[in-house]
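This briefing covers the packing of one protein chain.

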Amino acid sequence: MSLHDLGFYVRGRINSGLTRVMNRRRRPAPLPPPLPLADVAARGDDPLPLTALLEGRSNAEREAAVRWYLERRGAAIETHRFATFEGRGENLSVEIGGGDRVVVLIAHHDAVPGSPGANDNAAAVGILLHLLPRLKVPPSLRVRVLFTAAEELGYLGARVYVRDVPLRNIAGVLSLELCGIGDTLAIWDAGPETDFLRGVTGALDGLGLRRDEGYHVVGRIPVFGSDHRAFAAAGIPAYGLSVVPLAQADALRRFVLSPVRSALLHAVRRPPPFDTYHTSGDASSTLDPRALESVARALTAIVADLG
């Protein structure tokens with residue numbers, strides 16, 4: 001066990017403890033049982049209905065539901081199973097296109113215990129499942145859609161994936177987090193500008209989105225993170241992609257960029273979308289279909305422009 005791995009393990013245990021405290025305090029109304037998978041599939045493949053594949057299920061059930069849906073759609077699935085002292089699971093991936101340059105789009109399928117996990121992260125999974133048959137990938141490009149396990153355990157699934165799977169020809173990575181509430185996109189953990197980052201922001205500009213209004217580019221987030229960080233640690237341009245309410249932009253910036261403030265407010269008062277983050281209130285009833293659709297539209301443009 002390295003000190004690096006131990007640090008992630010401790011972070012995961014603290015995260016789980018905070019979640020249990022938050023959920024005991026909320027005392028929410030009981031949620032309805034998860035929909036049967038066949039009923040979810042019958043509702044169509046728009047992003048919001050697809051969140052019901054995962055919402056309210058255990059992590060093992062969420063993982064199985066993603067596999068069930070991909071198999072039902074006839075996708076060629078690459079499975080990466082792992083088991084470490086930190087946890088176990090399956091990363092599932094599907095490749096679109098045949099070019100040499102690879103762009104990786106990630107959505108983790110697990111949730112923290114006690115949370116229905118709608119915005120974190122069923123919304124992101126629903127978006128990528130919706131895009132699978134629709135993405136038009138330029139000939140020079142290949143898109144790897146990666147559904148990771150155990151993100152809530154310090155990005156465990158992504159860290160093991162990066163360790164085990166060859167990373168050659170990856171031009172960039174976007175991990176989708178909190179993509180169901182808000183009206184403006186956020187590209188975060190953006191350090192020095194790279195060709196990949198210029199391609200991403202250029203595509204958003206091409207959609208008519210104005211920087212600092214329709215989308216924001218934010219530097220390293222001290223407290224929060226996601227699977228892209230495992231790829232960034234390997235030297236690959238990799239960023240988080242979220243949706244946030246523009247009206248809350250200043251409050252969110254103060255919240256996520258101040259580790260001390262974030263820690264103090266974690267169990268007291270948080271701006272949306274963090275007011276339901278990792279809590280029993282993270283239900284699909286809080287999601288806005290326009291937010292999910294805006295991410296799908298942005299990813300479609302990004303893929304097209306990167307070619």
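**Packing around a strand, a helix and the cores**

H216 is a residue of strand β7, which covers residues 215-217. The model is predicted, and the values below are computed from it.

**H216**
- H216 counts as buried because its relative accessible area is 6%, under the 20% cut-off.
- Leaving out residues up to four places away in sequence, H216 touches T184, L185, A186, I187, L246, A249 and R253.

**Helix α7**
- Helix α7 has twelve residues, 195-206.
- At 1.5 Å a residue the helix should span 16 Å, and its end C-alpha atoms are 16 Å apart, so the two values agree.
- The buried residues of α7 are F196, L197, G199, V200, T201, A203 and L204.
- An α-helix has 3.6 residues a turn, so residues three or four places apart point the same way.
- The cover over the buried residues of α7 includes strands β3 (101-108), β5 (170-176), β6 (184-188), β7 and β8 (238-244), along with helix α11.

**Nonpolar cores**
- The largest nonpolar core contains 57 residues, and I127, L129, F147, L176, V295 and L299 have the most contacts inside it.
- Helix α11 (residues 289-306) supplies the largest share of this core, ten residues.
- Apart from this core lies another of 14 residues, including L167, I170, A230 and I236.

Conventions: Residues are numbered from 1 along each chain as its sequence is written. This is a predicted model: local features need pLDDT of at least 70, side-chain atom pairs count only at pLDDT 80 or more; totals for chains, interfaces and linings use all residues. Side-chain values use heavy atoms; hydrogens and water are left out. A nonpolar core is a set of buried Ala, Val, Leu, Ile, Met, Phe, Trp, Tyr and Cys residues joined through side-chain atoms within 4.5 Å. Buried means under 20% relative accessible area, exposed over 50%, partly exposed in between (1.4 Å probe, protein chains only). Helices (H or I, at least four residues) and strands (E, at least two) are DSSP runs, numbered from the N terminus. Contact means heavy atoms within 4.5 Å. The expected span of a helix is 1.5 Å times one less than its number of residues.
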